[in-house]
Amino acid sequence: MIIKNGTLHDAVSAQPYQADLALRDGVIAAIAPGLTPLAGEEVFDAAGKQVYPGFVDAHSHLGLDGYGMGWEGRDYNERCDVVSAHLRGIDSFNPLDRSIPMALAGGVTCVGTGPGSANVIGGTFLVVKTFGRCVDDMVLKAEAAMKCAFGENPKRCYQDKGNSARMTTAAHLREMLFLARDYMQRKEAAGDDVLKRPKFDMKLEALLPVLRGEMPLKAHAHRADDILTAIRIAREFGVKLTLEHCTEGHLIVEELRRAGWPAAVGPTLTNASKIELCNKSFETPGILARAGIQVSIITDSPVIPQQYLPLCAGLAVKAGMDPFDALKAITIHPARHLGVADRVGSLETGKDADVVIASGDPMVSDTAIEAVFLNGRKVVG
């Protein structure tokens, strides 16, 4: 397949440009003006159209919160255990949920999805493409991050089960990291001697990739003090971190810049439904981006329907964010946030052939998504 004559917004160059795209064997094989199709190769004429990489959302619950099902269809929170590190989002993901083709039709081709924020530690996020019938065929990364949560959610959900204050939440997380570190050291000291190894513990096993730096803590934190607590704990244990929601990030810009962790901002297209959202603003992504922080814009779907991710970026532009920063916030930055930027997030040779063809700027509400290619296959339009 060759996409010809389109205006490319590759999420690498700040200025769009005219070029063709060759999509072959599931990847972008070439980008250049005037590409010649191979014998029998299909051509898609994108003259007058805008061509983008597939949009990426760094934080959602797509496929774990059933569309139109109410509480009985929600599989993203475990309400029986404040610490559930051993749970894997991939085991709750429903590829046939109706919200997934809606996301794809909106140009969202890749999402990070997984457990919610009821638990202090909720389990692992996965990264998936938004097309398929079997999650094993859709997944880019089965275990991309370990979800943890600060603030009101774990307090509210577990106030009658031993977690009713912010300091308690922090203590639960620290305790598990201390236990996991001790467990890891004992396993390493035992070596191949099975009899000397500590008794198997599934929760502690699940935290070992975090302690080894193989995956980050994915920290739900709205309020400024919660964000700083997440940073403090990550520093104490020498682990990687991503900041999720970061609602009051604009109040602590210099602290975030020094910490250097990526921030996923949102969902902002909602009412301030709880006290820790009172300072929510579409200005936040632009403020953080101008400070040099890697910013992703997120829907937290289904809080905001997944297909409106580009619209959220447009509202950030309306509030002052640079348009190119906003494009990167729904393409290459979330891909980096999730650890899959070698595969998705920009139009570059060798990357997955996930391409969106739009009638205009997708951050504007009246723009139509006319075609979507995923792994080089036309799946929309």
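1. Terms for the voids come first. On a 1 Å grid over the protein atoms alone, a cavity is a set of points where a 1.4 Å probe fits but cannot get out, and a pocket is an open set with protein on both sides within 12 Å along at least five of seven lines; lining residues have an atom within 4 Å of a point. Grid points are joined across faces, edges and corners, and a volume is the space filled by probe spheres set on the points.

2. The model is predicted: local features need pLDDT of at least 70, side-chain atom pairs count only at pLDDT 80 or more, and totals for chains, interfaces and linings use all residues. Numbering runs from 1 along each chain as its sequence is written, and side-chain values use heavy atoms, without hydrogens or water.

3. Searching the whole structure gives 2 cavities of 30 Å³ or more.

4. The largest cavity has a volume of about 60 Å³. Its lining residues include H222, H245, K280 and T284, along with V265, G266, P267 and T268. The lining divides into 3 nonpolar, 7 polar and 1 charged.

5. Which residues lie closest to the centre of the largest pocket? That pocket holds about 560 Å³ of space. Of its 27 lining residues, S117, N153, K274, D300 and V303 are the closest to the centre. The classes are 8 nonpolar, 12 polar and 7 charged.

6. The second largest pocket holds about 260 Å³. It has 16 lining residues, with H9, P323, F324, D361 and M363 nearest its centre. They split into 10 nonpolar, 4 polar and 2 charged.

7. Helix α6 covers residues 224–237; helices are DSSP runs (H or I, at least four residues), numbered from the N terminus, and strands are E runs of at least two. Its 14 residues should span 20 Å at 1.5 Å a residue, and the end C-alpha atoms are 21 Å apart, so the two agree. The expected span is 1.5 Å times one less than the number of residues. Just after α6, G238 has a positive phi of about 65 degrees.

Conventions. Nonpolar A, V, L, I, M, F, W, Y, C, P; charged D, E, K, R; others polar.
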